[in-house]
Amino acid sequence: MSSDPQENPRARDGRAPDVFTPGGWVPMREHDDADEVDFAIVGTGAGGGTLACKLAEAGFSVVAFDAGPYWRPLEEFASDETHQEKLFWTDQRIVDGNNPIKMGSNNSGKAVGGSTVHFAMVSLRMRPEHFATRSKLGYAVDWPIDWQEMWKYYAQVEQALHIAGPVNYPWGPHRPRYPLRPHPLNAAAEYLARGAEALGTKWTETPLATVSAPIGKSHPCVYRGFCVTGCTTNAKQSVLTAWLPRALKAGAEIRDLAMVGRIETGKDGRVTGLHYIRNGQWRFQKAKNVIVAGYAIETPRLLLNSACDRFPDGLANSSGLVGKNLMVQLNQAAWGQVKDDVRSYKGPPSLAVSEHWNYTDTGKDYDGGWSYMSQGPLPITWAKSLAGGRGLWGQALIDEMARNNHSVGLKMVGECMPDENNRVTLADEKDQYGLPITRITYALTDNDKRMRDHAVRFMRDSLQATGATECWEEMDDTCHLNGTARMGDDPATSVVNADCRSWDIPNLWVCDGSVFPTVGGVNPSLTIQALACRTADRIKAMAARGEL
Amino acid sequence: MAQKNKEEALAVRLVAGGATVLAVSVLSDSGMEHYRGSFRDPAMVLPLLSSAASIGFNARRAGAHPERAPDSEGTEISHLISTSIGIIGFGFHAYNVLKRPGGMRLVNLFYGAPVGAPVALTLAGALGKTADALSRNNGMIGPIDLKDGRVIAGVTSIGLVGTVAEAALLHFRGAYHDPFMWLPIIVPPIAAVSLARDAIDNVPRPVTTALLGTTAALGLIGVGFHAYGVARNMGGWKNWRQNLLAGPPVPTPPAFTGLAIAGLGALLLMRTAKKKRSHA
């Protein structure tokens, strides 16, 4: 049998890969398909992987499914952008709308650990007011959870991931000290800092999920710079290296290369388990509860694909909102040239951050907030930016690539508005598993565009204030996917409640970025993990009261 | 050379020995760190030269036959140069930190040139000069009388406090991830305070001797801990060429040892002076 983890499942025969030891294994508890496990979790990323750990540690029997392979980062990740595309979800999808989303790289992952295996490790908290934008700031909708509760869980996740962050965070209410000290700034980050100081705004070292001191079996970050193609040293605290080893130790089972195609519903209207394909065979796992954590495209896809006589519009969809209110985040950039050697690809890509425009509500002609970070694109990514974003080709592209060491840039993460027209639906075409693929329809709102224009102008000003010349703006990029199974207080206007429990089916849960009612101006991974920790606590409390 | 009793001679050897250990620490640490900095500024070679010279002169004074140590102008000049280069280095290092965006920000103090490090060279020079004076110039540097050990005790105490500050800052950078990282922050300050109290009261107490002895041992044990810290970096000691530079600096903890040994010399001088007083 081939040892290719993309061909043959690795987590089986009572063991799973030990990601910290070349060739090593750890014992894994296994369940029979006929065992009615407490929780079957779909997806092992920021939502599902975290929950698998928390629920297993609480004593529940857990099986977590992932369509992707179980990688061994120390052995199988190359310093090669093209090779590492193996981490992305590149299955077929249809994108349309006025601003079709580029799928398949920075916004999705197909691996055990999900997209955290290749995330940029940026671990920011959402501003308190951004959990109640309707009541506090007059736009979009409120979260059904109080910011203070979320901030409590942020602290828990920051501890679990050993976040390396600034000693004092310059924005928002007091937060506990980050477990580890910040990483050194690279030259690209220094340009953000100088620009911010020239414009009279604050900046800080980005809180990052990569360790700045040896912790457990993780070595300190070596500033290799290939973070977004997969960390080869395990300094990165991804779900693969941080939560899943704990989950396995606590008795969770991980099933890699196991694509879930359908959730089964019983006569009583409760879910009974799920159908998944592994080793070319469709199987059925019985479960008392199913938690869907496939991120904002695959989650609604699975819910919609699980339609049955009783729920003809898909599961948990009595509101009609499954798949709707998809939100990306704006990811536009400003770039320039400077005299000195920047070599921005050295170290983690976003070592400095400004949340100025997340915490400032004046001087804007739009709603919402955004942050911006220093950038460190790898060569192929940079070539794509220059060709696609700047229109360079041929000799002009080669010449510009040769000046890469002197390029410096800033990139935003901006809050897009929820809009029901931005949605995930099922197409007629089928994928390799025989499942209907998704159609992803997206258009930026006018508000989004006003934010984008302001942000690129501001970032350009910041670069120019540091002496950068030949500045240009990269206008067509987005990141992150959220919002297709919104949480709320009202079953008519939301898919799940504050506990991530679906309104329609009490033993069906959704816990990932799709439950976000709004996205804020920060990267979502920390918020997803905080939500997962909160959900686990809520499940424990409800189980203790016999309310599951 | 003036006739001295055995205890005084030993005290001089201890002060010179402390200066030697400090200089060894400076030579190996600045050698590694300035190599990491590619000797980008030619001046970065100066602490290597002066600490090497300092080792030569001080080791002979600390050795088994201190009477054979050279009493030339060269010795004087070497100590003066070490002291000066340490002070100038402090200025350079402070400039390196302050020129970074954010200036006196913690991240710059963590990762910029270590501000306190050059002062170790100044201390090596000062202690070397002190040992010289004690054995040659009737124990005087200008108007300062070193013979009763109190001034040396004071200088050593201040040096220890500075070294603790440096260790505290850099261990904070490592988030005190290993509880043993607290040891050099807890023990040497107590030793420094005890030594300062003895100097002020002019009473050499046995507890100070014990504390300085512990501090000296900690400096050596620290080498082991730092070596373990190097091993915890990617590739461990197999990748020593990178990890010696990336991990905790192996040569620095003995700075504590050097100062503690000099402090023990100061205490011995104080005890001798006390005996003389009581005989008088």
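Helices and strands are taken here as DSSP runs, a helix needing at least four residues and a strand at least two. The structure is a predicted model, with an ipTM of 0.93 and a pTM of 0.96.

The stretch just described is one of several that carry an annotation. An unreviewed UniProt entry places the feature "transmembrane region" at residues 12–30, 80–98, 110–130, 179–196, 208–231 and 251–270 of chain B. Residues 12–30 of chain B are 100% helix and 0% strand, with 27 Å between the end C-alpha atoms. How confident is the predictor in chain B? The average pLDDT of chain B is 94, and 98% of its residues score at least 70. Among the elements of chain B, helix α8 (residues 206–231) has the highest mean pLDDT, 98, while strand β1 (residues 140–141) has the lowest, 86.

Attention now turns to the place where the two chains meet. Here 19 residues of chain A are in contact with 15 residues of chain B. On the chain A side, helix α5 (residues 187–198) of chain A supplies the largest share, with 4 residues. The residues on this side of chain A comprise 12 nonpolar, 2 polar and 5 charged ones.

Helix α5 of chain A also has a partner within its own chain. Its axis and that of helix α12 (residues 446–465) of chain A come within 8 Å and cross at roughly 100°. Angles of 65 to 115 degrees count as roughly perpendicular, and α5(A) and α12(A) are therefore roughly perpendicular to each other. Which residues make the contact? From α5(A) come A:Gly195, A:Ala196 and A:Ala198, and from α12(A) come A:Ser462, A:Leu463 and A:Ala465. By class, 4 of these residues are nonpolar, 2 are polar and none is charged.

Chain A also holds a sheet that can be followed strand by strand. The sheet is open, with 3 strands in the order β5-β17-β16 (chain A) and mixed pairing. Strands β5 (94–96) and β16 (423–430) of chain A are at the edges with a single partner strand each, so one side of each has no neighbour in the sheet. From one strand to the next, the twist averages 30°.

Strand β17 (residues 436–441) of chain A pairs with β5(A) in the parallel sense over 3 bridges, and A:Val95 has A:Ile440 of β17(A) as its bridge partner. By contrast, β16(A) and β17(A) pair in the antiparallel sense over 5 bridges. Here A:Arg423 has A:Thr441 of β17(A) as its bridge partner. In the hairpin of β16(A) and β17(A), 5 residues lie between the strands, and A:Gly434 takes a positive phi near 85°.

Methods: Residues are numbered from 1 along each chain as its sequence is written. Chains are lettered from A and ligands numbered from 1 in the order in which they are written. This is a predicted model: local features need pLDDT of at least 70, side-chain atom pairs count only at pLDDT 80 or more; totals for chains, interfaces and linings use all residues. UniProt positions are given in the numbering used here, feature names are shortened, and annotations may be inferred rather than shown by experiment. pLDDT is the predictor's confidence in each residue, from 0 to 100. Two residues are in contact if their C-beta atoms, placed from the backbone, lie within 7 Å. Ala, Val, Leu, Ile, Met, Phe, Trp, Tyr, Cys and Pro count as nonpolar, Asp, Glu, Lys and Arg as charged, and the others, Gly among them, as polar. Two strands pair if DSSP finds at least two bridges between them. Axes are lines fitted to C-alpha atoms, for helices over the stretch in contact, and angles run from 0 to 180 degrees between N-to-C directions. Angles under 35 degrees count as roughly parallel, over 145 as roughly antiparallel, 65 to 115 as roughly perpendicular and the rest as oblique.
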